[in-house]
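Work through the following exercises with the sequence and the model at hand, and try each task before reading its solution.

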Amino acid sequence: MTDTRNDQEWHKTACNLCSINCGVEIKLDGRSFARVRGDKANPQSQGYTCEKALRLDHYQNGPHRLTSPMRRTADGSYEEVSWDTAISEVAAGLAKVRDEHGGETIFYYGGGGQGNHLPGGYSGATRKALGMKYSSNALAQEKTGEFWVDGQLFGSMGCHTTPDMHHTDCAVFLGKNPWHSHGIPRARTVIKEISNDPDRTLIIIDPRLTESAELADIHLRVRPGGDAWLLGAMLKILVTEDLADAEFLAERTNRLPELERLLATVDLDEWADKAGVPLAEIRHATQAIAAAESCAIFEDLGIQMAPHSTLNSWLEKLIFILTGNFGVKGGMNLHTRFGKLTGGGGGGDRRTPVGNHRILGGLMPCNGIPDEVLTTHPDRLRGAIIESSNPIHSLADSPRWREAFEALEFTVVVDVAMTETAECADYVLPASSQYEKAEATFFTLEFPENYFHLRPPLLAPMPGTLTEAEIHRRLCRELGAYTDDDLAPLHAAAAEGLDAYAAAFFTVLGNNPGLGKFLPMVLFETLGPVMPEGMETAAAIWGLSQTFVAEEPESAARAGYASGNELFTAILDSPSGVAFSSDPYDTTWERMRHDDRKINLVVDELVDEFRSLASEDPRVINDEFPFILAAGERRSSTANTAMRDPEWRRKHPTTGLRLCAEDAEKLGVEDGAKIRIVTKRGETISSVEISDSMRPGHISLPNGQGLSYPDADPEIDLGVSLNEITSIEDRDWFAGTPHHKHVRARLELV
Ligand SMILES: Nc1nc2c(c(=O)[nH]1)N[C@H]1C(S)=C(S)[C@@H](COP(=O)(O)OP(=O)(O)OC[C@H]3O[C@@H](n4cnc5c(=O)[nH]c(N)nc54)[C@H](O)[C@@H]3O)O[C@H]1N2
Ligand SMILES: Nc1nc2c(c(=O)[nH]1)N[C@H]1C(S)=C(S)[C@@H](COP(=O)(O)OP(=O)(O)OC[C@H]3O[C@@H](n4cnc5c(=O)[nH]c(N)nc54)[C@H](O)[C@@H]3O)O[C@H]1N2
Ligand code: SF4
Ligand SMILES: [Mo]
């Protein structure tokens with residue numbers, strides 16, 4: 001792998017700015033990305049990109065890139081130290097916390113999101129070496145409630161439903177703006193196709209007139225936070241107006257009479273009013289869903305980060321279940337996955353050590369973490385490894401997080417940039433970027449075909465940086481996780497080729513079971529050296545290929561792979577990605593985990609919350625904080641915090657607080673003016689963007705802004721760091737996920 005290139009070639013890789021990871025081709029000028037275009041050979045994205053991919057150079061190159069390990073000094077500033085010093089001091093610092101308080105008092109946050117994917121796996125070995133038990137990542141501030149509901153309905157939290165948007169007759173996006181946030185491959189093309197086809201229906205449920213809503217056949221402009229009443233009314237209409245799929249329900253589900261009794265408590269006129277949508281519109285949308293040949297629904301942050309979020313996920317899923325849109329073409333299905341996205345099962349039997357919060361999918365609820373630290377409880381958390389994530393900026397209540405971070409005895413951040421979280425850490429370790437190492441996406445959520453794309457590096461690591469695999473290898477060695485003798489037999493087998501390696505692998509692990517817990521690292525140590533140049537860190541993919549073919553032999557065979565080695569070789573040889581799995585629609589039923597393979601319609605834990613909707617009233621306006629702030633909208637120039645350089649949105653500023661003209665007039669503010677936003681937690685100042693897309697009383701700020709950046713042009717508005725004004729208290733009672741879409745606020749003239 002060369003340091004720089006100017007070879008006029010198009011190099012295949014992917015855009016790292018959202019979960020879709022569209023395939024792209026890049027021309028290099030030295031280490032700069034001179035040109036970027038969609039990769040037509042990528043089987044999932046087929047040449048599609050949005051406008052953001054064209055500006056990827058701002059991620060790869062810029063003064064934010066760290067090029068040396070940093071150690072915090074007594075006065076709070078940072079000094080550069082060598083890698084040898086950093087590794088030995090980080091290992092010693094973590095080992096000290098382990099020895100004094102136990103390894104379970106050190107937690108891990110990150111290892112996924114837009115930060116990185118493939119390298120996230122290697123931290124597992126360091127965590128095992130230290131005896132760490134608790135971890136979390138961004139999924140535990142959005143999706144864990146939904147995953148838990150899947151577990152209740154389908155029998156396991158791993159039963160993740162995916163919408164077959166590419167084949168559906170009726171596409172519903174609930175609290176989701178696919179035009180900007182994507183979430184499905186080629187989102188803009190797909191929703192335009194549905195919108196333009198007179199036989200297909202696009203339904204958007206969103207208080208804002210989003211870019212997606214402008215294309216919709218039906219836009220239900222729900223009251224912010226009103227979804228539970230809206231969904232309750234839709235369900236009642238389905239069961240009482242002969243619109244449900246009775247045959248499907250009789251054959252495939254349990255507990256329908258109980259659900260019907262619960263829905264009988266819904267007063268349609270009252271609930272429509274609470275939802276803020278005329279009953280006739282709700283009925284029209286419900287009839288359209290029921291009449292369609294097929295219907296697929298995508299729920300996202302608009303309900304997952306709003307009041308009643310876990311309940312909303314249940315009600316949303318009942319819509320497609322009652323209409324028989326499960327396990328069918330164009331409906332919802334259970335897909336395969338290449339590698340695990342979350343820390344695995346666990347429906348909440350495990351609890352956090354201090355707050356006793358449910359650990360769903362192996363992840364601590366994000367809003368609860370600061371309270372696991374800021375206490376005198378003997379089991380409190382005392383150390384942290386943060387990797388490819390920026391929790392002080394991205395999780396609720398940044399001031400509280402900063403306080404928690406300062407209270408931890410030892411902290412280390414692995415990142416490409418000096419982030420807001422890194423600025424509070426004892427050590428910062430600079431990682432090579434996602435274009436300087438092998439990388440892949442583990443958001444493998446598609447059905448009936450599912451895709452995996454392993455990207456080779458475009459450039460050698462920036463001098464001074466290491467890949468996460470190498471960082472964790474050095475930490476594991478320093479911590480004495482395993483020895484050269486442990487690895488010797490696998491080294492020998494690797495030299496003889498993949499078949500010999502596969503044969504030796506299980507014998508060696510059988511003889512030395514202790515080695516198994518360091519698995520991805522053992523692969524990196526022993527298979528890495530015989531991988532193609534630059535692909536050493538992709539060694540873990542060998543293990544995942546074996547696991548996938550062993551667990552889903554038929555899906556793999558239908559995609560053309562009879563063994564783990566065949567799949568692994570195909571992945572290595574396909575720079576545009578492969579379809580690794582192919583399923584007929586009825587495999588969804590084989591993936592059901594209830595013994596009788598029937599859907600359980602009633603989620604007992606959420607029944608009381610549903611009943612409480614009758615007395616709760618979302619129409620009541622809070623006098624002190626009359627506005628509902630959607631804190632974190634996806635816009636043309638947001639990409640979480642993967643993109644730090646403000647220069648990348650010079651032409652698309654999009655940092656302002658959106659509010660409607662009516663509210664602006666009442667307040668006496670003009671477009672571009674500054675305004676103070678006050679919440680119960682704090683206040684901040686933003687520029688104003690008057691927008692017809694907002695409902696009165698509803699205001700919105702973009703996510704991922706207000707980042708510190710070296711030498712930023714003062715002309716460019718950096719935007720607002722949202723979580724300075726959100727509170728850890730505002731969260732779902734069950735899953736602990738934040739209510740970022742529903743922050744009560746008032747506006748004051750500056
Ligand atoms: N451009 C861009 N794309 C991204 C990202 C990014 O930062 N930038 N981030 C990625 C990530 S990590 C994620 S999780 C996804 C998120 O993707 P989305 O969930 O689509 O993103 P948001 O814009 O946060 O929220 C979606 C919609 O919820 C609406 N909403 C607000 N309140 C309510 C409500 O009470 N009810 C309903 N029904 N809707 C409401 C908002 O108006 C908004 O249009 O996007 C991904 N894609
Ligand atoms: N108020 C509010 N807060 C929100 C949201 C909201 O809507 N409102 N959205 C939330 C959502 S849905 C999400 S997913 C989270 C996302 O928030 P985080 O999980 O914190 O993740 P990212 O912002 O994606 O940050 C990725 C980090 O990885 C670093 N990075 C990039 N490449 C590499 C690499 O190769 N190696 C390493 N080690 N690091 C790398 C980047 O510099 C950055 O610091 O934000 C959440 N925060
Ligand atoms: S931001 Fe997402 S949709 Fe846009 S090009 Fe990148 S990966 Fe594709
Ligand atoms: Mo997210």
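**Exercise 1.** Determine how many nonpolar, polar and charged residues form the shell around ligand 1, and where ligand 1 lies relative to the domains.

*Solution.* The shell around ligand 1 divides into 7 nonpolar, 12 polar and 11 charged residues, where Ala, Val, Leu, Ile, Met, Phe, Trp, Tyr, Cys and Pro count as nonpolar, Asp, Glu, Lys and Arg as charged, and the others, Gly among them, as polar. This is a predicted model, in which local features need pLDDT of at least 70 and side-chain atom pairs count only at pLDDT 80 or more, whereas totals for chains, interfaces and linings use all residues. Residues are numbered from 1 along each chain as its sequence is written, chains are lettered from A and ligands numbered from 1 in the order in which they are written, and side-chain values use heavy atoms, with hydrogens and water left out.

Next, identify the neighbours: 30 residues surround ligand 1, and the closest are S181, D206, G225, D227 and T638, a residue being near when one of its heavy atoms lies within 4 Å. Then examine the polar contacts (pairs of N or O atoms within 3.5 Å; within protein, one must be able to donate a hydrogen and the other to accept it, and residues adjacent in sequence count only if both atoms are side-chain atoms). An N or O atom in the side chain of S181 is 2.7 Å from an oxygen atom of ligand 1, and a polar backbone atom of I205 is 3.2 Å from a nitrogen atom of ligand 1. For D300, a polar side-chain atom lies 3.4 Å from an oxygen atom of ligand 1. The protein buries 96% of the 910 Å² that ligand 1 exposes when taken alone, with accessible areas from the Shrake-Rupley method with a 1.4 Å probe and, for residues, only the protein chains shown counted as cover.

**Exercise 2.** Describe the surroundings of ligand 2 and state which domains supply its shell.

*Solution.* Of the 32 residues that surround ligand 2, the closest are S394, D415, E468, A631 and T641, and the shell divides into 9 nonpolar, 17 polar and 6 charged. Oxygen atoms of ligand 2 are 2.6 Å from an N or O atom in the side chain of D415, 2.6 Å from a polar side-chain atom of T641 and 2.9 Å from a polar side-chain atom of S389. On its own ligand 2 has 920 Å² of accessible area, of which the protein covers 97%. Domain 2 (70–132 + 382–441 + 449–582) and domain 4 (627–749) each give at least three residues to this shell.

Key
Domains from an automatic or database assignment.
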